[in-house]
Amino acid sequence: MGKRIFVQPPAKFTGIKLTEPQQVSGGIPAIMSSMKHIFGEVGVMDGTRTMLRLNQFNGFDCPGCAWPDPDDHRSTVEFCENGAKAVAEEATVARVDEDFFAKYSVAELSEMSDYELGKSGRITHPFRLVPGDDHYRPVSWEQAFGDIGSTLSRLDDPNRAVFYTSGRTSNEAAFLYQLFARHFGTNNLPDCSNMCHESSGAGLSETVGIGKGSVTLDDFYKAEVIMIMGQNPGTNHPRMLTALQKAKKNGAKVITVNPLRETGLVRFKHPQHPTDLVSSGTSITDLYLQVRINADVPLLKAIMKILLEKDEAMGGGVLDHDFIASHTTGFSTLLEDLATYSLEDLISQAGIPAEQVHKAAGLLAAKERIIVCWAMGLTQHRNAVDNIREVVNLLLMKGSIGKPGAGTCPVRGHSNVQGDRTVGIWERLRPSFGVALEKEFGFVPPSPDGYDTVNAIRAMNEGKVDVFMALGGNFLSAAPDTETTARGLMKCDLTVHVSTKLNRSHLVHGRVSYILPCLGRTEADYQEGQAQFVTVENSTGVVHKSKGGKPPVSGHLLSEPRIVAELARATLTGDSRVAWKYLADDYDRIRDAIERTIPGFEKYNERVRKAGGFYLPNGARNREFHTRTGKAVFTKNKLPDHMLEEGQFLMMTIRSHDQYNTTIYGLHDRYRGIHNERRVILISQPDMKTMGLEKLDEVDLISEYDGEIRTAKSFLVVPYDIPEKCVATYFPEANVLVPSRKAARISNTPISKSVVIRIVSKS
Ligand code: SF4
């Protein structure tokens, strides 16, 4: 009792080994790594059987990223190395059961690394931690639902509860969950989208009228130029490399914009193509622009200025003037804005040679079919929404949206993060959705905005939240400002996590804490004796089926829709007209309710049963821009304003290759040549020299915002090819440095890609 709880991963080194970064991604090492994880965690027979169902028409959707599958066919092996790791993690034979929790106290578990916690295995029973005890103990579902329901119903104000959602959650569970929260009386529905592509949603909704990307997978094969900005698909969306390889074979040029030279964007060998394995692979990037961190707006402005000059010099033909005239507003504002900058200043701020910027503009000038893809490298800055708006400016200027081979492509991380938002997980309630919910379910949903992630952390710290509930995920480790987030969680009266695996969020808890174990994607889901499937939406807006087939790891697991329905029944006793049990008994009924309340889901049950599912409507794809004016909007955006003092660096957090979001599959970052260690800081050789640092020196990292000092202890210096004054660290280890109160303007997304830090040598 009373032992310290480690809210951050322990600052212990694990035995670093450095090699040269790899020059080619995929290939035999990817096959070996996939086999090691799946056979090691699941076994050869069961592992093979399970993998052959992954991403198949009648199989289950990958619990990894949201990269789309082909529309009309599936190959036998329709997954990547990261998909194999994600499935291995879920289908593991290891178990977190009664004996496990009897053996380890919560404090002892908190001393484990996130990697060790994840490797403990699947949670087998509902568990509860009560005041005065330091071990989780098994509890019956009945008791859990009753206790949680009565705590919620005793709250003075429904807004004292927060309902967080992770992007793995299915459409069906997410829809019921938002229904529960709103029926309970709150829009406090933060989700992981708040921490990743909220900036994309905000920038795109304003400019092209839909907060999602406009391209389909087929568009990649028709594109002439693909720009990849602030994204590392080799690690985070590996099958995107397959699409890029095919695009290259069709003649596309690829421009990459990224502070780090990422192996996946340099060269790729398709692991399933024998000819590739014995060749040197496909060169992916034609022009690699290694910009400074957060230098995207100056780069894009410089490119647009050059395109304008070329268009003027040639008397047209570079910009799409017909499209600009008929489909957009604000072009003159953009011209005025660009005129206020000197090209030299913009290029200098981008931090790359002028000839590279001219070359990029040259590649774009004569082309009409351009796709811009991006991920967190654009969305997690103070000016993240400006980044997205500037991308849109470039595409609109070229008329590169709403036609084959062209458009916007924010590549989503978690497998159903886009779908969860589509079916209502949002701290804001669209008025039309509120009306539809009232009509369908007979209650008036609350209209005031609820807490997003950043505001939920603040509210918890201010003592305004009593109950924190999470449908999936690892909120503590995904969120910024680890110590602040932890303090907030520990102030709650009750924390509840619906989970498959153990993570640090279970160990940093409220006065009472529950872990409710749910079925995973790989597992068969039977309700009332009938096999069920769930549905998800990928990055290109395709809604499709996911049906697990493995027997559940424990007879005590419930599905997420069932858990949500039972929590609602236990909480909303007597005053709900929603037939919670009826809905959870047959997921077709939930889908019917979604169809009646959310546009685009017409004939949901029928269409989703077709192989590959169906596309949701997407106005921008057809040049129908649902903005206030009915046209796409050019915008004026400021340059970022980082004023680094001597000794300060701009830090971005990144994932290792053995990691997906907060899940740590292993300790290697194979492509970058960093092995068996996560507490590292990647820094340029010139900066090391200026700071008097040597390779593998131990340092502490410090950020200071508004007089508040945050420290991440004990990192090892790794010399790396990264622009000067820029450094990179893995998250969640460095999340402690990210100030939650300095989030992106408009989207309120944490600034995890541009944190000002100092490096303090310990030698
Ligand atoms: S690309 Fe993403 S969705 Fe596809 S198999 Fe890999 S991790 Fe899974």
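**Helix 14.** I began with helix 14 (residues 296-314), which has 19 residues and reaches 27 Å from its first C-alpha to its last, close to the 27 Å expected at 1.5 Å a residue; the expected span is 1.5 Å times one less than the number of residues. Helices here are DSSP runs of H or I with at least four residues, strands are runs of E with at least two, and both are numbered from the N terminus. I kept in mind that this is a predicted model, in which local features need pLDDT of at least 70 and side-chain atom pairs count only at pLDDT 80 or more, while totals for chains, interfaces and linings use all residues. Residues are numbered from 1 along each chain as its sequence is written.

I then looked up burial in helix 14 and found Asp296, Pro298, Lys301 and Met304 among the buried residues. A residue is buried if 20 or more other C-beta atoms, placed from the backbone, lie within 10 Å of its own, exposed if 12 or fewer do, and partly exposed in between. After helix 14 comes Gly315, whose phi is positive, near 70 degrees.

I traced an open sheet of five strands in the order 12-9-8-14-15, with parallel pairing, where two strands pair if DSSP finds at least two bridges between them. Its edge strands, each pairing on one side only, are strand 12 (287-289) and strand 15 (407-410). Within this sheet, strand 8 (residues 225-229) and strand 14 (residues 370-374) run parallel and are joined by five bridges, and I noted that Ile228 stands opposite Cys373 in strand 14.

**Strand 17.** I next turned to strand 17 (residues 494-499), in which six of six residues are buried. In a regular strand the side chains alternate between the two faces of the sheet. In strand 17, I saw Leu494, Val496 and Val498 pointing one way and Thr495, His497 and Ser499 the other way. Five bridges join strand 17 to strand 16 (residues 467-471), which runs parallel to it, and Val467 stands opposite Leu494. Strand 18 (residues 512-517) also runs parallel to strand 17, through six bridges, with Ser499 opposite Pro517.

**Around the ligand.** Last, I listed the residues around the ligand, including Cys62, Cys65, Trp67, Cys80, His237 and Arg239; a residue counts as near if its C-beta atom, placed from the backbone, lies within 6 Å. Helix 3 (residues 81-91) supplies the largest share of this shell, three residues. By class I recorded seven nonpolar, four polar and one charged residues, with Ala, Val, Leu, Ile, Met, Phe, Trp, Tyr, Cys and Pro taken as nonpolar, Asp, Glu, Lys and Arg as charged, and the others, Gly among them, as polar.
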